[in-house]
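I opened this notebook page to record what I looked up in one protein model. The sequence and coordinates are placed first.

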Amino acid sequence: MMPTLHGGDVAWQLATDPGTRSINIIVCSGADQAEITRKLPLAKIPILEKPLDSEILLRLLQAHLTE
């Protein structure tokens, strides 16, 4: 857990700020996925649940590299 900001808040700020919205973000969280999705409604950010599935992560990274 982050001490002051929730990771979803940081992801939202990065995804909606014109200066950082081109940065690819992947959220990995132990929190309820529906709650995270509710906090990131306009952002197209992949959300992976813990425990992390390495095959899904690799597919996401490969997709981002080929964009």
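My entries follow, from the basis of the model to single residues.

**Basis.** I am working with a predicted model, in which local features need pLDDT of at least 70, side-chain atom pairs count only at pLDDT 80 or more, and totals for chains, interfaces and linings use all residues. Residues are numbered from 1 along each chain as its sequence is written, and side-chain values use heavy atoms, with hydrogens and water left out.

**Confidence.** I looked up pLDDT, the predictor's confidence in each residue, from 0 to 100. The protein chain averages 81, and 88% of the residues score at least 70. Confidence is lowest in helix 2 (residues 33-39), with a mean of 71, and highest in helix 3, at 88. I note that where pLDDT is low, the predicted coordinates should not be read in detail.

**Elements.** I took helices (H or I, at least four residues) and strands (E, at least two) as DSSP runs, numbered from the N terminus. The protein chain holds three helices and two strands, and their order from the N terminus is α-β-α-β-α.

I called a residue buried under 20% relative accessible area, exposed over 50%, and partly exposed in between (1.4 Å probe, protein chains only). Of the 67 residues in the protein chain, 21% are buried. I then looked for a nonpolar core, a set of buried Ala, Val, Leu, Ile, Met, Phe, Trp, Tyr and Cys residues joined through side-chain atoms within 4.5 Å. The largest one has six residues, namely A11, I25, V27, I36, I45 and I47.

**I47 and S29.** I counted a contact where heavy atoms lie within 4.5 Å. With residues up to four places away in sequence not counted, I47 touches V27, Q33, I36 and T37. S29 is found in strand 1 (residues 27-29). Is S29 buried or exposed? S29 counts as buried, because its relative accessibility is 13%. Leaving aside neighbours within four places in sequence, S29 is in contact with I36, L48, E49 and K50.

**Into helix 3.** P51 is found in the loop between strand 2 (47-49) and helix 3. The peptide bond from K50 to P51 is cis, with omega near 0°; in general, most peptide bonds are trans. At the start of helix 3, a side-chain oxygen of D53 reaches to within 3.0 Å of the backbone nitrogen of E55. I checked the length of helix 3 (residues 54-65) last: its twelve residues should span 16 Å at 1.5 Å a residue, and its end C-alpha atoms are 16 Å apart, which agrees. The expected span is 1.5 Å times one less than the number of residues.

How values were computed:
Polar contact = N/O pair within 3.5 Å; in protein donor to acceptor, adjacent residues only side chain to side chain.
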